[in-house]
Amino acid sequence: MTDSGTGPNSAKAAFTWGHPAIETAFATAADGTLRLVRLGPSGDTADPEAALPLVELTAFGQGSGWSGPRFTGTAFGARLAYRGHRCDSGADWERLTVELHDTASGLTALVELSSPTGVAVLRSRVRLRNEGTDPLVVQSVSSLLLGGLPSPGALDVHRARNDWLAECRWYAEPLRDTVADISVDVHQHDSRAALALTGRGSWPSDGHLAMGALTERGGSGGRAWVWQVESPAGWRWDLGERAHGTYLAVNGPTDAEHQWRVRLAPGEEFTTVPAALALGAGHGSGGGSGLDEALGALTVYRRAVRRPHPDHVTLPVVFNDYMNTLMGDPTTEKLLPLIDAAADAGAEYFCVDSGWYDDSVDGGWWDGVGAWLPSPRRFPGEGAGGGIRAVLDRIRERGMVPGLWLEPEVVGVRSPVAAELPPEAFFQRDGVRLSEQGRHQLDLRHPAARAHLDKTVDRLVGDWGVGYLKLDYNIVIDPGTSGPGDLSPGAGLLGHAHAYLDWLSGVLDRYPRLVIENCASGGMRMDGATLAVAQLQSTSDQQDPLRYPPIAAAAPTAVPPEQGAVWAYPQPDHDDGLITFILGGALLGRMHLSGHLDRMTEGQLRLVRDAVDTYKSIRGDLACAVPFWPLGMPGWTDEWPALGLRVPGGPSYLSVWRRGGDSEVRLPVAHLADHGGPVRAEILHPSAARAESAAVWDPDTGELRVSLPRTPGVLLIRLTPQAGA
């Protein structure tokens with residue numbers, strides 16, 4: 001790092017920081033504010049006047065420097081002056097804290113930047129501290145700001161629609177389609193337009209993933225910038241034009257869009273949700289597109305920030321009885337043969353999904369949940385060597401780890417727990433307890449709510465020996481709760497969401513080998529904050545196997561492959577081709593088996609065992625691989641979706657699905673084309689396809705030629721560069 005004029009209140013502070021993959025440079029603008037003027041070795045050095053202040057925030061009585069839908073140009077942003085910085089270099093991370101101060105209000109902002117050493121990802125968050133004499137009500141504060149990017153006319157913006165049963169659907173458009181060219185020089189003022197994306201409520205990835213990307217067309221060759229907002233609740237990002245370039249502003253929840261605000265009394269602090277920005281240099285930097293490169297770096301970063309756990313290395317096969325199988329109707333009679341069949345197929349965990357607590361005769365448990373006690377009707381003989389413990393024992397006897405489904409944050413309106421816990425233990429507005437779809441929402445900031453869930457987990461895990469919890473969440477609360485001490489419902493929601501993650505961490509502290517799957521009606525809670533704590537992430541509830549491939553292929557944009565749970569639910573009434581198609585879709589994620597395996601023929605079970613054995617043979621590579629997409633991001637109706645995983649210093653894997661179209665496709669694999677020598681192509685799945693399908697490497701074009709004569713069809717292919725080439 002270099003410094004120039006870095007003393008307190010220096011009028012012309014300038015310095016650099018980082019490591020070779022994430023070089024950053026800071027300089028002072030004419031108004032005295034410090035700005036990030038270069039990011040990354042392939043980044044342009046921006047004029048400080050085109051860059052943004054390190055922090056933008058709005059507060060009561062302060063407002064913006066000008067009106068518009070953008071979260072830039074704030075009054076505070078122009079006043080927070082540089083007061084100093086400090087660096088911390090460790091073995092694995094580089095960290096920088098920049099201190100800014102506003103003398104008028106006494107507000108101090110600490111901009112905390114960090115990056116894993118050697119990884120082209122910058123993480124940013126802002127800590128506010130009121131050093132003044134009067135309270136300050138903050139309405140918005142940025143987590144990350146970046147200006148000086150290429151003109152909107154040179155950029156495409158990428159977003160990912162994320163709906164129930166239709167997750168991870170990326171789409172792109174020119175940024176100019178939203179941020180029009182208004183002839184800035186004529187008006188002597190930047191456009192007020194902004195392309196903004198917002199996530200609301202307690203499902204942070206409902207509607208869109210809490211991510212975005214920019215890619216550069218032409219010019220220096222496909223550079224990319226990919227970001228994620230690590231918020232378990234509300235978030236917002238916006239893009240706009242500034243000084244003929246593009247800016248990016250990333251925020252957590254805001255008052256205008258999430259009813260979020262906090263009051264900082266003198267001496268009090270608030271820290272924003274983090275944001276992470278990954279860089280891709282594009283062509284000439286290891287092969288592949290800049291977008292693939294940035295998403296690969298983001299995958300490495302996600303591994304670096306998450307809680308360590310043995311599951312991330314061992315990747316056991318999970319059988320779950322729900323999807324297209326028992327569908328929330330488990331009983332001892334139904335489960336015992338399914339347990340035996342799952343064990344014979346090679347499953348290592350067996351999770352009993354929803355319904356195990358339901359003692360009604362009509363399945364009307366939705367608004368009665370909360371006590372999480374087993375149903376004696378479904379599991380008779382409790383206390384006499386029977387009950388649900390007999391089922392869990394059978395799972396262990398067959399060499400598997402038992403798991404249970406739980407929806408911890410909800411309490412049904414008919415549940416006795418709704419009356420046993422104090423009113424303050426639930427979400428409320430204006431003193432009224434909230435109800436959503438027949439459920440109340442627990443507020444995990446309240447000690448009674450946390451004690452209730454701790455007691456539940458201690459019974460299931462501590463007493464019953466459950467080693468896997470699938471934690472679901474099937475309601476959405478918007479905008480939040482106004483409990484005691486909450487200035488706004490959005491602040492209450494964010495407070496609960498952080499308390500929930502703190503509770504999860506406490507559970508894992510007590511039970512370090514427990515595996516937790518994060519689910520919210522599939523992928524409605526697929527955010528970076530939760531993924532840093534939970535071991536697995538449900539990618540979808542999609543029951544149609546022909547609709548699942550684009551979800552499975554795009555899931556590694558949001559979650560590392562070893563955390564992305566992909567359903568594989570073959571059925572005895574499927575033909576062999578459909579069985580192998582369904583199984584093949586899960587082989588580059590975390591295989592979540594389901595299906596009536598207990599009713600299958602020996603030939604069908606052989607197909608299942610073959611796929612499980614193939615998965616086990618490659619899963620060690622998945623835990624360190626980074627994704628790429630040889631045909632680009634899969635579209636929802638694409639006939640040939642494809643996903644690649646590249647192992648550093650090792651082979652690459654490709655899952656290729658055919659849902660229609662021609663029987664042959666060519667897949668460019670840029671990093672192997674740069675290898676320049678022969679590449680061995682092996683079809684790993686399905687084994688029966690090796691005679692009728694083909695995967696041939698073309699060294700002249702750097703492409704893999706794949707032929708699949710039948711539809712639907714799938715191939716898992718391993719590509720290995722040959723030594724001595």
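Helix α14 covers residues 602-622; its 21 residues reach 29 Å from the first C-alpha to the last, close to the 30 Å expected at 1.5 Å a residue. That expected span is 1.5 Å times one less than the number of residues. Helices here are DSSP runs of H or I with at least four residues, strands are runs of E with at least two, and both are numbered from the N terminus. This is a predicted model, in which local features need pLDDT of at least 70 and side-chain atom pairs pLDDT 80 or more, while totals for chains, interfaces and linings use all residues. Residues are numbered from 1 along each chain as its sequence is written, and side-chain values use heavy atoms, without hydrogens and water.

At K616, α14 bends by about 35°, the angle between axes fitted to the seven residues ending there and the seven starting there. Its buried residues include L607, A611, Y615 and I618. Buried means under 20% relative accessible area, exposed over 50%, and partly exposed in between, with a 1.4 Å probe and protein chains only. An α-helix has 3.6 residues a turn, so residues three or four places apart point the same way.

Now to the loops. M327 sits between α5 (322-326) and α6, and its phi is near 50°, a positive value in a residue other than glycine. M327 is partly exposed because its relative accessibility is 33%. The loop between β29 (468-471) and α10 (489-510) holds P479, and the peptide bond from D478 to P479 is cis, with omega near 10°.
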